[in-house]
Amino acid sequence: MTVFDNRNDDDGTADGDRDENNSDGHDTYGTHDAHGVANDGTTDEASDPIEPATIAVENCSLSFGDLSVLEDVSLTVEPGEFVGFVGPNGAGKTTLLRLISGALEPDSGRITIDGVDVHAVDSRTSSRLVSVVPQDTTLSFSFPVRDVVEMGRHPHRSRFSSPTRADQEVVDDALERTRTAELADRPIDEVSGGQRQRVVLARAIAQATPAMLLDEPTASLDVNHQLETLELVRELVDDGRTVCAAIHDLDLAARYCDRLVMLADGAVYRSGPPSEVLSGDALSDVFDATATVTQNPITGTETVTALPTPVGVGLGGEGPATAESATEHGGDVEDGDAATADHRVHVLGTGPTATSALARLEREPGLALSVGPVVATETTAETARSLGIEPLEVAPFESLSPAELTAFEERVRDANVTVVTEGVFESGGMGTESLLETVDDVADAVVVATQDEDRDGKAAIAAAGDSAVWTATPETILEAVADALETGIDGQSTVIGAEPGPGLETESSAGAAEEETRSTATDGGSDSSVVGGSSSGSDSNSNSTLR
Amino acid sequence: MYRPVRTASWSAGLAIVLVGVVIGSAALGPVKIDPITVAMAALNAVVVPSELSFSTATLPRIGVDVPLPGVEYTSVFDFEVQGTHQTIVGDIRLPRIVLAAIVGFSLAAAGTVMQGFFRNPLADPSIIGVSSGAAAGAVAAIAFPALVPLGSLHLSAFIGALGTAFLVYAIATEGGRTPVATLLLAGVAIQAFLGAMISYMLVHSGDDLREAVVWMMGHLHNSTWSDVQFALPVTIAGVGILLAYTREMNVLLLGEEDAHHLGVDVERTKLLLLALASVVTAAGVAVAGVIGFVGLVVPHIMRLLVGPDHRILLPTSALAGASFLVITDTIARLGAIPIPFGPDIATPIVPVGIITAALGAPFFLFLLTRREVHAV
């Protein structure tokens, strides 16, 4: 137990260090909570417990020829922290790891582990500080698994001694922890890819270093081995190691890392807890992709769903929904310039169909979306928020207040098309009927979206009234909305035509309506982000083009 | 089995095989001698250094007096052996057999190191031009003795071998790093160049052509104890140090970056391994000429038997290489019969290099078609 207490003391000091760094302004984020909790005191390890190290990257730049790979990268990894390097291919994740490991030397700047400049010491010294699990190891020869793991002891052994009892115990422990003990006598070239990855991890564990680097530890693994590997790494971190890992899978990175460092074009784009780093705008900036970030209902961590770039079925302008592009691309709509305003679509419903429909509609430029009513904690609401749409939120388990119903009616009336998803029929809950009645009364055109087109949603809504109704599955929602819009525009052209101008004015009036009904409606940024549901996906971009 | 035990038992077994092969070989020849007599005569030939003395010699041409160490040897055993048999075994057959064992030992050890170093199953001891350099030195000494004032054929071959290895290393090294691929290609290029030089010298070697060609094919005839005195210390020292670096060799198999992460000083270790393997090869090649296939095939066979771990592979390969070359040289020695309708040569010579290649190449092809040789 004394060991455990010491570690906690160290954590305390580390926190102090971090604060100093923060005041330096190098590193504005630093999560240092959560870990250490999982250490349940099972410190029956053979060797002395390892004290986690601080990794400091100071203003490192590196270029290969004229190609600049890393530019002035600075970051500090606190003792006992699990930091994930994320970013697109070529962002410099692997290069940064190789710099830290000492395999590459920076053109300028320096890297220290526990104050030791890894490039100034010999490989024996640095290999006692930091171990590396490479992305792929050339293991085409038939060493027994145990011998490969034993190679991790190389920096700790003198030239002529055979392995000591302590060496053996560390190797045994590493085999045990990675659950490769039963493979110990098998030749390494005869074990599966997942097992091999675990063996290499065992080798790094046997190296018993205070810092460990992993390059895409899960890249070639199937899903259960991915989790197994990261669970193990997490365990190592909790036992007192500092770990940096390049991780491609953003969901896994969010789930296991204390902190993410997002790299883009050889520089640190953003650094902080997963919830701060993974956001729709960051992803569209760095990965050049439209993506939603939601909370995984099971793990409670961020889940990233990338969506294909806009396909454009002719609902509006291509690219960012600027006034110019809307004008240019609107010629094929009957009413000329006036009709090039963003079409408004309201989505009613919850659950997978609604979420999926929402995500697909969002990627179509020129559509302004609204959602609701939804319970604030529900996936659909979360998806909407991550797409930059402020949903009409209601409290769970309560019937709609008249104000909420009015707000809903307002939106349906504004919308050119209202999408109703199957969740609405199936819940049969309180207020559903009044919602459907509202839709029937005020909607211009209705698209009924169900997972399976044969379901009786259409019948349900058709029975409710005489609005024009289209049916769709989430896959065909865009086409259905396009069809509905064409007809809807014909029928309601005066309504749209009456709007004074393209885009901007439509938007601000919608924002005003929102503010009336919901005191939670916030700054203008979130409102205009409704328009910004475009390929650029960036709130600030849309704002600047609109204003 | 526990690895040190396994290494020791394999090595001991192969050492016993080697002793048996040596005695068996010494028993064979135009005069048949029974193995017991051979063993006794061989033990009589075992000497240990007993006295160290210095004499002064004057270097030719320079005229400087230098002290020369002189070592007195005394026999350890004194068995009763018939005088002619003692002469045949101790002075004629054993020097050649022991030299064959030493050369086989050094070539197989160097081949093992080079294959591991280059992670290439086709690497052999002369891959960075050691043999070509030795051949160039030897042919120059044979064809143009006036231009090569070193006096000794062995010395000029040895210097040619090491000079070439160093040149290749220097060419391939840039900014403190020596990429293995560059080393390999530089070796190939230098070998091609030296091949041209050797051909030129052969064309102009006149009456010495036959001697030069026989040397280049690898031969052990007319070996003396002084050849053994030259090759033995270099081989023992070189392989001894290499044995201390077997763990590094294993780690280097993972690739240079991984080896660096596991605490191996990659460039320094590479230089050391390359230098030692070259010196050991040069010692063998200098006394015996270019003997092919020992350093290529023997490590592969041993790898199939004991696995890729250099801690066991290196000593066993070296011992097996020694036995292999003794056996092939015995065949060469016994097969030295006049070729029917051939040119009228008093003492026909079958260079051992012909036998090793003639036996080694088909065996290697056999392994290859059985898919048992994949990678290092």
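Q: Are B:Phe117 and B:Phe118 buried or exposed?
A: Both B:Phe117 and B:Phe118 are buried. Buried means under 20% relative accessible area, exposed means over 50%, and partly exposed is in between (1.4 Å probe, protein chains only). This is a predicted model: local features need pLDDT of at least 70, side-chain atom pairs count only at pLDDT 80 or more, and totals for chains, interfaces and linings use all residues. Side-chain values use heavy atoms, without hydrogens and water.

Q: How many aromatic pairs are there over all chains?
A: Two, from a search of the whole structure. Rings of Phe, Tyr and Trp (its six-membered ring) pair if their centres lie within 6.5 Å; planes under 30 degrees apart count as stacked, over 60 as edge-to-face and the rest as tilted.

Q: Why is the pair of B:Phe117 and B:Phe118 edge-to-face?
A: Because the planes are at 65 degrees, with the ring centres 5.0 Å apart.

Q: And what about B:Phe158 and B:Phe230?
A: They form an edge-to-face pair, 5.5 Å centre to centre, with 85 degrees between the planes. B:Phe158 counts as buried at 14% relative accessibility. B:Phe230 counts as partly exposed, at 24%.

Notes: Residues are numbered from 1 along each chain as its sequence is written. Chains are lettered from A and ligands numbered from 1 in the order in which they are written.
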